[in-house]
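Colleague: I'd like to learn how to read a model like this one. Could you walk me through it?

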Amino acid sequence: MSEKLRVGILGGTGMVGQRFISLLENHPWFEVTVIAASPRSAGKRYEECVEGRWKMDTPIPAAVKDIVVKNVNEVEEVAKDVDFVFSAVDMTKEEIKKIEEEYAKTETPVVSNNSAHRWTKDVPMVVPEINPEHFEVIESQKKRLGTTRGFVAVKPNCSIQSYAPVLTAWKEFEPYEVVVSTYQAISGAGKTFKDWPEMNGNIIPFIGGEEEKSEKEPLRIWGKVVGDEIVPADSDEIKITSQCIRVPILNGHTATVFVKFRKQPTKEQLIEAMTSFSGLPQELELPSAPKQFIQYLEEDNRPQVQLDVNYENGMGISVGRLREDSVYDWKFVGLSHNTVRGAAGGAVLCAELLKAKGYITKK
Ligand SMILES: NC(=O)c1ccc[n+]([C@@H]2O[C@H](COP(=O)([O-])OP(=O)(O)OC[C@H]3O[C@@H](n4cnc5c(N)ncnc54)[C@H](OP(=O)(O)O)[C@@H]3O)[C@@H](O)[C@H]2O)c1
């Protein structure tokens with residue numbers, strides 16, 4: 001029998017689910033053994049389910065083509081053959097909350113891409129380089145759920161990945177006021193230009209719920225475990241305001257960011273702090289960890305989506321145009337891959353760290 005952990009992908013036929021399946025092809029620790037989706041797909045071969053809607057650049061991995069897709073709602077049936085699951089289903093928030101806890105209660109850890117549990121007090125929301133210590137709250141969650149190995153862990157929203165890691169790297173200079181505008185790719189809505197032709201040559205100045213996530217989720221990531229819950233950082237310490245705009249780009253969220261600091265850094269100090277920033281994934285050499293988490297590009301016309309979105313296989317963040325500002329202290333432009341670092345890749349890195357820390361094991 002394979003030594004790899006057996007993984008189920010909930011919502012495996014969707015945009016993020018497909019990204020999970022592509023990223024896990026030849027993964028050294030994890031092997032996709034179960035795929036689940038809506039009752040519409042259940043009972044069909046995976047290849048048949050995604051025919052005409054495979055959205056990745058690489059072909060469907062041979063190992064999953066013949067997997068017969070299960071119904072996400074048949075929890076016991078899916079859970080019995082896996083060690084843990086990744087969740088990328090598109091249901092209502094309440095339905096997702098409920099079903100992810102149902103999986104956890106079958107003693108199946110859930111690493112979720114969904115926003116449903118991001119504010120559940122004992123559910124860790126983690127960027128592995130930034131707040132791996134939040135996984136400690138899992139013990140409290142297990143007590144609440146009455147489980148021994150089942151729990152839910154989540155990753156944050158894709159929009160924050162282009163600037164929250166940079167602000168974290170600059171913590172010693174105490175950033176306290178941040179203005180962000182995000183320029184977000186259409187794959188963030190699960191779409192390509194084929195299924196969203198109105199986005200050709202267009203900009204839409206609204207993404208439902210995105211500004212609230214962009215402003216609040218970083219505070220939770222910078223929070224602390226206190227007793228049985230995660231308490232977010234104080235908004236008196238650092239405030240973020242944002243505008244989130246949909247732009248005609250397939251993959252890659254760009255952010256333009258203005259920052260005020262309590263302690264004035266030099267440009268060299270800011271560059272040094274971000275390019276030397278690393279965390280547990282780098283120390284433990286996790287399979288999906290970027291060697292360099294944040295790169296700084298000196299050219300005035302970088303980062304560019306076409307040139308830089310796949311930096312470190314889509315797991316790294318590219319920053320450029322760092323310069324002093326006449327109203328704020330400093331400004332910069334950040335770029336990250338929204339369906340890799342911002343979605344499936346970020347969740348895979350969380351699962352790798354959870355395995356390395358002994359939270360996810362063979363059943
Ligand atoms: N796209 C991104 O970059 C991104 C980033 C962060 C978070 N998210 C979130 O991740 C989730 C998935 O996003 P996506 O873009 O991959 O969506 P998607 O392409 O629409 O895929 C949705 C998946 O959920 C399944 N599904 C839909 N309705 C269901 C139901 N009633 N019961 C069970 N399964 C159902 C679909 O199965 P069928 O194929 O059978 O319909 C499919 O597998 C969403 O909650 C989204 O908000 C997406």
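Predicted model: local features only at pLDDT ≥ 70, side-chain atom pairs only at ≥ 80, totals over all residues.

Colleague: Fine. Which domains does the assignment give for the protein chain?

Modeller: Domain bounds here come from an automatic or database domain assignment. In this case, domain 1 is 5-157 + 344-356 and domain 2 is 159-337. Their centres, taken over C-alpha atoms, are separated by 24 Å. Domain 1 puts 36 residues into the contact and domain 2 puts in 42 residues, where contact means heavy atoms within 4.5 Å.

Colleague: How much area do domain 1 and domain 2 bury between them?

Modeller: Buried area is the accessible area (1.4 Å probe) that two parts lose on being put together, summed over both. For domain 1 and domain 2 that comes to about 3000 Å², with 64% of it on carbon and sulfur atoms.

Colleague: And how many residue pairs are in polar contact between domain 1 and domain 2?

Modeller: A polar contact is a pair of N or O atoms within 3.5 Å; within protein, one must be able to donate a hydrogen and the other to accept it, and residues adjacent in sequence count only if both atoms are side-chain atoms. Between domain 1 and domain 2 there are 17 such residue pairs (both at pLDDT 80 or more). On the side of domain 1 that touches domain 2, the elements giving two or more residues are helix H1 (15-23) and H12. H12 supplies the largest share of that side, seven residues. Helices (H or I, at least four residues) and strands (E, at least two) are DSSP runs, numbered from the N terminus. By class, the domain 1 side has 17 nonpolar, 10 polar and nine charged residues.

Colleague: Let's pick a residue in H12. Is Glu352 buried or exposed?

Modeller: Buried means under 20% relative accessible area, exposed over 50%, partly exposed in between (1.4 Å probe, protein chains only). Glu352 lies in helix H12 (residues 340-356), and it counts as buried because its relative accessibility is 0%.

Colleague: Which residues is Glu352 in contact with, leaving aside neighbours within four places in sequence?

Modeller: They are His27, Trp29, Phe30, Leu286, Pro287, Ser288 and Ala289. With His27, the side chain of Glu352 makes a polar contact of 2.6 Å.

Colleague: Now a helix. Which residues of helix H6 are buried?

Modeller: The general idea: an α-helix has 3.6 residues a turn, so residues three or four places apart point the same way. In helix H6 (residues 138-145), the buried ones are Ile138, Ser140, Gln141, Lys142 and Leu145. The buried residues of H6 pack against helix H5 (93-105), strand E6 (152-154) and H12. After H6 comes Gly146, with a positive phi near 75 degrees.

Colleague: Last topic: how many salt bridges does the structure hold?

Modeller: Side chains of opposite charge can pair when their charged atoms come close. The rule for a salt bridge is a side-chain nitrogen of Lys or Arg within 4 Å of a carboxyl oxygen of Asp or Glu. The structure holds 24, and three salt bridges cross the interface of domain 1 and domain 2.

Colleague: Which residues are linked with Arg45 in a network of salt bridges?

Modeller: Glu47, Lys65 and Asp66 are in that network with Arg45. Arg45 pairs with Glu47, their closest N and O atoms being 2.7 Å apart, and Asp66 meets Arg45 at 2.8 Å, N to O. Asp66 lies in the loop between helix H3 (62-65) and strand E3 (70-71), and Arg45 in the loop between strand E2 (30-37) and helix H2 (46-49), so the pair ties together parts that are 21 residues apart in sequence. Asp66 is exposed at 53% relative accessibility, whereas Arg45 is partly exposed at 31%.

Key
Residues numbered from 1 in each chain as written. Heavy atoms only, no water. Nonpolar A, V, L, I, M, F, W, Y, C, P; charged D, E, K, R; others polar.
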